[in-house]
Amino acid sequence: MDIELRNNTLFFDGCNTVELAEKYGTPLYVMSETAIVEKCKEIRETFLKKYEKTRAAYASKAFLTLSMCKIIEREGLCMDVVSGGELYTAIKADFPAEKIEFNGNNKSVEELELAVDYNIGRIIVDGLDELGIIEKVCREKGKKMSILYRITPGVKSDSHDYIVTGKKDSKFGIPLDDEVIFPAIEQAINSKYVDFLGFHFHVGSQLHNNGSHLQALDIALKLIKDTKDKYNFVTPELNIGGGFGIKYTGADDKKPYAYFLDPMMERIENFCKDLNITRPEIVIEPGRSIVGEAGITLYTIGTIKDIKGIRKYVSVDGGMTDNIRPALYQAVYEGVIANKAEEPKTDVVTICGKCCESGDILIRDAKIANAERGDIFAVFSTGAYGYTMASNYNKNPLLATVLVKKGKSEVIVKRQTFDHMIANEVIPESLK
Ligand code: LLP
């Protein structure tokens with residue numbers, strides 16, 4: 001287990017979190033390499049090894065650093081990127097180009113050029129005009145690019161509205177109206193500049209129920225059948241996205257990967273048998289489920305305000321700048337005072353950040369031990385979409401990130417300094 005309580009202290013992947021806070025300062029992201037590796041292993045054991053012709057592309061938007069690229073490469077996964085910056089990070093970490101897949105609803109020409117120059121594995125085309133741009137870039141560079149079409153399956157999944165992506169009213173994907181999708185498929189199949197591999201869908205994120213994955217799958221399979229009937233084209237690849245939910249709190253009913261993937265694979269295999277076609281290669285794109293529970297954030301407690309009969313605010317030295325999720329999605333987290341980890345949780349408080357914003361609340365009504373200035377507060381399951389969605393609001397510097405493994409710790413992202421924050425600012429002559 002990555003989380004342990006010893007001598008009234010929280011340990012994470014064998015490291016004393018109070019000592020981590022002292023050594024590296026707070027606020028601090030702590031990522032457990034052991035936990036990340038365990039997740040990758042679960043994917044290998046229950047999906048990649050169990051089913052032939054499968055790949056898993058880590059959705060790097062969840063947490064991406066050069067070191068993370070190295071771990072993902074070592075663990076045998078591919079990488080999904082969604083911007084020039086993510087692609088650049090993977091390139092700088094020498095991530096194998098053919099294992100990179102590029103998603104995104106508005107890729108720029110420069111980003112597509114970078115992808116073609118670097119000979120990445122696949123571009124997931126997200127709109128009708130994108131194919132033309134890729135064809136032009138490939139023509140100019142004398143290259144051919146493998147592509148898939150991201151489709152909008154038109155299903156509604158059960159998660160926060162901001163993180164569901166499969167419904168028809170979405171900025172993502174190509175809608176499945178016959179007069180839209182089939183000409184696009186025909187153009188891709190006949191193109192000299194791309195290899196058309198098939199389809200991609202992603203229904204949403206933080207899901208604990210496989211219903212929308214299965215619904216979307218049925219829609220994608222029908223499209224594969226129609227494509228075969230119309231063009232005698234057997235789809236070589238199907239990407240079924242990510243979205244597998246994690247445990248933020250005791251209320252989250254987390255499921256293993258197999259809960260989502262086994263019934264999908266069974267359906268795909270039966271479908272292919274019935275149609276007498278070779279099964280497409282199946283790709284998944286997990287992000288949060290690989291890193292979410294592998295991360296915690298350590299803060300130092302500062303001001304405590306007890307508004308009698310109303311609420312007790314316990315402030316920490318970070319907040320919405322390092323974890324925007326509670327403010328943006330009303331996401332719920334749990335935490336503990338790391339140096340009082342085994343003391344009775346006798347108080348109910350609101351853990352708030354230090355930003356000038358009333359909504360800068362990390363946890364409402366947290367049950368914790370008696371908090372005092374200087375205590376170290378740990379928030380669990382912050383490994384996904386914390387670091388990658390961080391901001392410099394109120395000119396708060398971005399946090400350092402430490403990678404821990406069986407009692408050892410190493411910095412993988414240095415703390416931003418005030419100087420880093422103003423490094424790109426210029427005062428024009430007119431203001432001097
Ligand atoms: N593939 C595609 C095409 C995606 O758009 C996403 C997430 C994933 C894979 C990975 O999904 P995951 O396995 O991590 O659920 N910032 C939000 C989450 C946005 C997810 C966007 N797309 C949050 O903090 O909840």
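A salt bridge is taken here as a side-chain nitrogen of Lys or Arg within 4 Å of a carboxyl oxygen of Asp or Glu. By this rule, Glu293 forms a salt bridge with Lys254, with the closest N and O atoms 3.2 Å apart. The model is predicted: local features need pLDDT of at least 70, side-chain atom pairs count only at pLDDT 80 or more, and totals for chains, interfaces and linings use all residues. Residues are numbered from 1 along each chain as its sequence is written, and side-chain values use heavy atoms, with hydrogens and water left out.

The protein is divided into domain 1 (3-30 + 292-421) and domain 2 (64-286). These bounds come from an automatic or database domain assignment. The C-alpha centres of the two domains lie 34 Å apart.

Contact (heavy atoms within 4.5 Å) links 15 residues of domain 1 with 13 residues of domain 2. The two domains bury about 1300 Å² between them, 57% of it on carbon and sulfur atoms. Buried area is the accessible area (1.4 Å probe) lost by two parts on being put together, summed over both.

Across the interface of domain 1 and domain 2, the rule finds 1 salt bridge. It also finds 5 residue pairs in polar contact there, both residues at pLDDT 80 or more. A polar contact is a pair of N or O atoms within 3.5 Å; within protein, one must be able to donate a hydrogen and the other to accept it, and residues adjacent in sequence count only if both atoms are side-chain atoms.
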